[in-house]
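Hello,

Here is the structure I promised to pass on to you. Have a look at it first, and then read on for what turned up in it.

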Amino acid sequence: MTTITQAPPTPPTERIATRTARRKGFGISPWFAFPALAFFTAIVAIPTILGVYYAFTNWDGISAAPSFIGFDNFVALFKNPETIQALGNTLLMAVVITIVQNAIGLALAAGVNSRIKSRNVLRTFLFAPVVMTPIIVGYLWQFLFIPNGPIASLAKLVGIPNLNMLGDPATAIWGVIIVVIWQHAGYSMVIFLAGMQGIPEEITEAAALDGAGAWKRFAHITWPLLRTPLVINITLSLIMSFKLFDQVMATTQGGPGYSTQTLSTLLYFEAFQFNQFSSGIALGVVVFLLTAVISFTQMRLFRDRNAT
Amino acid sequence: MNRYTWRTLVLEIVMIAVTAAFAFPLWMLISVGFRTAPEVAQNPMGFPTSFNLDNFIGAWTQGELGSAFMTSIIITVTSVVVLVICGATGSYYFARSRGAAGMRWYAIIAAGLMVPFQIGLLPLYRIMASIGLTGNPLAIILISAGVHLPLTVILYTGFIKQIPAEYEEAARVDGATSFQIFWRVLIPLLLPVTATVVILNGIGVWNEFFTPLLYLGGTDTVTIPVRIYGFVGEYGADWGKVFAGLVMASLPVLLLFFLFQRYMIKSFGSGLKG
């Protein structure tokens, strides 16, 4: 799925290169792999396998011998209106964030990948939110959104009085979406930018000499070559929005009511506030299946369009 | 094509305006931190009238940010060192060992990137509790090392596979052992990808909130994000003090970013490719 693009050093001599081509690999002690495999097994593999098992039991996190109850946890989850709302919120956030964040990222990348003199400075400032701690970004925006605060004052200027973005159940989810997009748009921009800088300048110049306008050059040269960064960007923002937790906890904690509850925050409340451990894990499995299905479908869709 | 035309000028002005709007929250972060609570309540967007440091002193002492910084630094540095060692040694075996076993293990670890942490979260918590590591920063180091391992191994293995094997082959002919080859030959070649690994993992571990909250919440040794969460809970209404705390908490990362922005942006942008 993933490879790196940094250029490795070149070989010392051609003569040795032909000889090594015949031998495949070395006899390396398996002890080299031991630390990595030990960490992976203990921290990722075993807990995940246990988790999938517990999702089908009535484990409460305390009792030693949970009993197998089949799909009861999953059935109960989908009978619970809170889960349905959290699922709806998560899907809405994932779709809106993925589309808007990538549209903004693409526009910013196109703007920065031009001949403007300030491009390096602008790129740095546009990227800065990406490295900030999400919980700090959440609190920063909580202040920006307070009633009569900076954003509410701006809204008043365009004729929206008494805006209480995060306090109103109708608008709170859009407030959280804005926070997330602000933090991650620079990330999408940088990935698009890496793709754009891989486009040889001769191609665009030749097209310009042949009379292709800026829009035609973008539609026929830049855009087709941006398909790979686009797939990376969509996958990253989908996975990220399904795990959304920090920014929600810092701004709304899932409220008002359940209007900004996501699957991740609900999982946290189910498991650690209400001690519903096994239904919390069942929710984790649902999140995983959703993420897997959507990223897989998304990759297939793009591959099919590539093939035809 | 190389000329700076009036269209470029228009684009430049538009982009500067867009970036200014984009950076407005960052300006608010700094300006509110320097103002007193009544000033902020009266006019949230006003400029700081004086270079008022009371908020910063208050946030530093009442927020106990000093000890939180120490905890965050120790956890981040140790986790990154563990990740570099495990990632480099493991990837050396995965990429270079004879037979298919290496790449099979690699595929399993790489698949870990797709598994959401939520499924294993609670069983892992029970395991950590049973060996007495809840409330111990060591738990965060172990978990961070495990969770960030798939990306680290993907980066290292991909890089090693692109390095021609001739260097190692030549050393082997001279009678070097696997360990000597790894230490003397491979490690120096891995420096560029190690920089990427350090940047991505360092920022990832430093910013982590959920796991430290779960394991360290309520103890004396908490990381910066967890401390900020508690601090805002206590002083939520005093925005000046809260923002002074937020400024100090984000300063190390932002400072490093503005110093090394070229490398950092490159790491994020070119680290992963489809």
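**What was found**

Where the two chains touch, the contact takes in 91 residues of chain A and 96 residues of chain B. On the side of chain A that touches chain B, helix H2 of chain A (residues 34-54) gives the most, with 14 residues. That side of chain A is made up of 61 nonpolar, 23 polar and seven charged residues. Please keep in mind that this is a predicted model.

One pair of helices across the two chains is worth a visit. Helix H6 of chain A (residues 134-144) packs against helix H1 of chain B (residues 6-33) at an angle of about 85°, and their axes are 10 Å apart. Angles of 65 to 115 degrees count as roughly perpendicular, and H6(A) and H1(B) are therefore roughly perpendicular to each other. From H6(A) come Leu140(A), Trp141(A), Phe143(A) and Leu144(A), which meet Pro25(B), Met28(B), Leu29(B) and Val32(B) of H1(B). The contact of H6(A) with H1(B) holds eight nonpolar residues, no polar ones and no charged ones.

H6 of chain A turns up again with another helix of chain B: together with H4 (65-96), H11 (191-207), H12 (210-216) and H14 (239-259) of chain B, it is included in what covers the buried residues of H13(B). Those buried residues are Ile224(B), Pro225(B), Val226(B), Arg227(B), Ile228(B), Tyr229(B), Phe231(B) and Val232(B). Helix H13 of chain B (residues 224-235) has twelve residues and spans 16 Å from its first C-alpha to its last, close to the 16 Å expected at 1.5 Å a residue.

Now to the domains of chain A. The domain assignment gives domain 1 (29-70) and domain 2 (74-307), and the centres of these domains of chain A, taken over C-alpha atoms, are separated by 31 Å. Nine residues of domain 1 of chain A are in contact with seven residues of domain 2 of chain A. The domain 1 side of that contact divides into four nonpolar residues, four polar and one charged.

Finally, which residues other than glycine have a positive phi? One is Asn148(A), with phi near 65°, in the loop between H6 and helix H7 (150-157) of chain A. Asn148(A) counts as partly exposed because it has 14 C-beta neighbours inside 10 Å. Another is Glu64(B), with a phi of about 50°, in the loop between helix H3 (54-62) and H4 of chain B. With 15 other C-beta atoms within 10 Å, Glu64(B) is partly exposed.

Best wishes

How values were computed
Residues numbered from 1 in each chain as written. Chains lettered and ligands numbered in written order. Predicted model: local features only at pLDDT ≥ 70, side-chain atom pairs only at ≥ 80, totals over all residues. Helix = DSSP H or I, 4+ residues; strand = E, 2+ residues; numbered from the N terminus. Nonpolar A, V, L, I, M, F, W, Y, C, P; charged D, E, K, R; others polar. Domains from an automatic or database assignment. Axes fitted to C-alpha atoms, helices over the stretch in contact; angles between N-to-C directions. Parallel < 35°, antiparallel > 145°, perpendicular 65-115°, else oblique. Expected span 1.5 Å × (residues − 1). Buried ≥ 20, exposed ≤ 12 C-beta atoms within 10 Å, placed from the backbone.
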